[in-house]
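Have a look at the model first, then read on.

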Amino acid sequence: MTFFPTAFVLFVLAWLAAGPASAQLFETKAKQAYLVEADTGTVLFAKNENDPVPPASLAKLMTMEVVFNAIKSGRLTLDDEYQVSENAWRTGGAVSGGSTMFAEIHSSIALRDLIQGVIIQSANDGCIVIAEGMAGSEDNFARLMTERARKLGLEHSVFGNSTGLPDETSKVTMRDLVLLARHIYQDYPEFYHYYSQEDFTWNKIRQRNRNPLLGLDIGVDGLKTGFTEASGYAIVSSIQRDGKRLFLAMSGLESQNERREEARKILEWGIRSFERKPLFKEGEVVATASVYGGEGALPLKAKGPIDIFLPLTNPDRLVARVRYSWPLKAPVEEGDHVGDLYIYIGDTLSREEPLYAARSVKKGPIHQQALDALIELVQFWN
C-alpha cells in the first residue's frame, strides 16, 4: 500500500502529558540492540536494529526453526537418526577446534540428541549432520533457511550455512532475530524448554549451556550467544518475570563479560520500567477516513484490542498516527485492510497495527462523486 503525506490523521492521546521528544530512555554499549515485549509486540528499545551483521552462532536459531517446523508438520520425528559424515566431523567436530558435541565419525545420532547438542552445546557438527540429513548438503539446507526466513517476515536475513561459521553471504539484523526468537517461543512451546536446559552429555562428555544469563536467577530462559571478529559479541535472549516476557537481541559488544552485563541491565530495565496500558478496546473505532465517491466517512478499527507497554516515568508524549492511501475509492468492503496505526513513544516506533474497514461503503450519488472529484482536483493542484 502506498501512503501519501497528506493522507494521515495525527492525534495525541489526552491521558498522557505532552513533553519534549527524547531519543532513548536507556543507553547501552551495544552497537545494535532491539528489545520487544512479547504479548503486544511493543518495541521498548531500538538502536541500529536494521544494521546487517554476521550471525555467528545466532544462525543456529534459524537452523532449529527449520527443524522444529519439519517436526511439527510431520515430516520428521525426534527418533529419526542421521549419520555423521566425514565433512560434519572435520568441519564441525572436535578436530575443527570450534563448538562441538564430539560426535563420532560415521555414527548415527537421533534427532532429539542433535537438537540438544545444537542448542545447549552450540554444536557445529550437530548442525551439519542435520543439514546433510534433511537436505543432502549444507548449501541446500542454507537455502531452505533463507526461504523459511522470508516466509516468517525476516526481510534482511540471509544464511550461507547452518552453523554461523564465517561466510560472505550470511547476515542478520537484531529486528529479524527478535522476530525469530518470538516466533520460536510462540509456535514451538513443546521445544522451547531446550533453551533453558542446563547441560547435555554426549559421547560421555558433559557440557553446560553456553548462555551466561541462565545462572543469574533473573528469569532468563533462552536463547543463544554468538561471536565474530567482525561484529563482536552478540546475544539473543528472553526473560519471563512479573507477568511480562521480553525478547532481546544485541550485538557489537567487546567481551563476554560486557555482553552478559549489558544484556542483564537492559532486560531488567525493561521488566521494571514499563507497564501495560490499554489504548483501544476490541471493536473500538480508532479513526475515520474519507472515501472518494462514497457515502459518509469510513470508521477504521483493528482486529482486536490494542494495548501498549509505556515507561513508568516518561517525559515523552505518546503519538499515534493513522495512515491510509488517499483517496480511498468506493466501494469499500467491510474487513478490507485500508490503513495502519503507528504508535510512537518519543522517537521510537513502538507499535504498528493494521486497520480495517468497520463497515462497507457503497458508491454515492452522482453529485457526491462530482464533488469528490472537484476536491481531489483542488488537492492535486495544491
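**Charged side chains at a glance**

R260 and E261 meet side chain to side chain in a salt bridge, at 3.5 Å from N to O; the term covers a side-chain nitrogen of Lys or Arg within 4 Å of a carboxyl oxygen of Asp or Glu. Searching the whole structure turns up 17 salt bridges. Keep in mind that this is a predicted model, where local features need pLDDT of at least 70, side-chain atom pairs count only at pLDDT 80 or more, and totals for chains, interfaces and linings use all residues. Numbering runs from 1 along each chain as its sequence is written, and side-chain values use heavy atoms, with hydrogens and water left out.

**The network**

- R260 and E261 belong to a network of salt bridges that also links R241, D242, R264 and E268.
- Within that group, R241 pairs with D242, and their closest N and O atoms sit 3.9 Å apart.
- On accessibility, buried means under 20% relative accessible area, exposed over 50%, and partly exposed in between (1.4 Å probe, protein chains only).
- R260 comes out as partly exposed at 24%, and E261 is partly exposed too, at 28%.
- R241 counts as partly exposed at 22%, whereas D242 is exposed at 59%.

- R175 forms a salt bridge with E49, with 3.2 Å between the closest N and O atoms.
- This pair ties together distant parts of the chain, 126 residues apart: R175 is in helix α6 (residues 174-187), and E49 is in the loop between β3 (43-47) and α1 (59-72).
- Those elements are DSSP runs numbered from the N terminus, with helices being H or I of at least four residues and strands E of at least two.
- R175 is partly exposed, with a relative accessible area of 30%, while E49 counts as buried at 15%.

**A lysine without a salt bridge**

- K224 lies in strand β8 (residues 220-228).
- K224 is buried but has no salt bridge, and the nearest side chain of opposite charge, D125, is 12 Å away; for charge, Lys and Arg count as positive and Asp and Glu as negative, with His and the chain ends not counted.
- What does the side chain of K224 make a polar contact with? The partner is the side chain of S122, at 2.9 Å.
- A polar contact is a pair of N or O atoms within 3.5 Å; within protein, one must be able to donate a hydrogen and the other to accept it, and residues adjacent in sequence count only if both atoms are side-chain atoms.
- Setting aside neighbours within four places in sequence, K224 is in contact (heavy atoms within 4.5 Å) with residues including S57, L58, L61, V118, I235 and V236.
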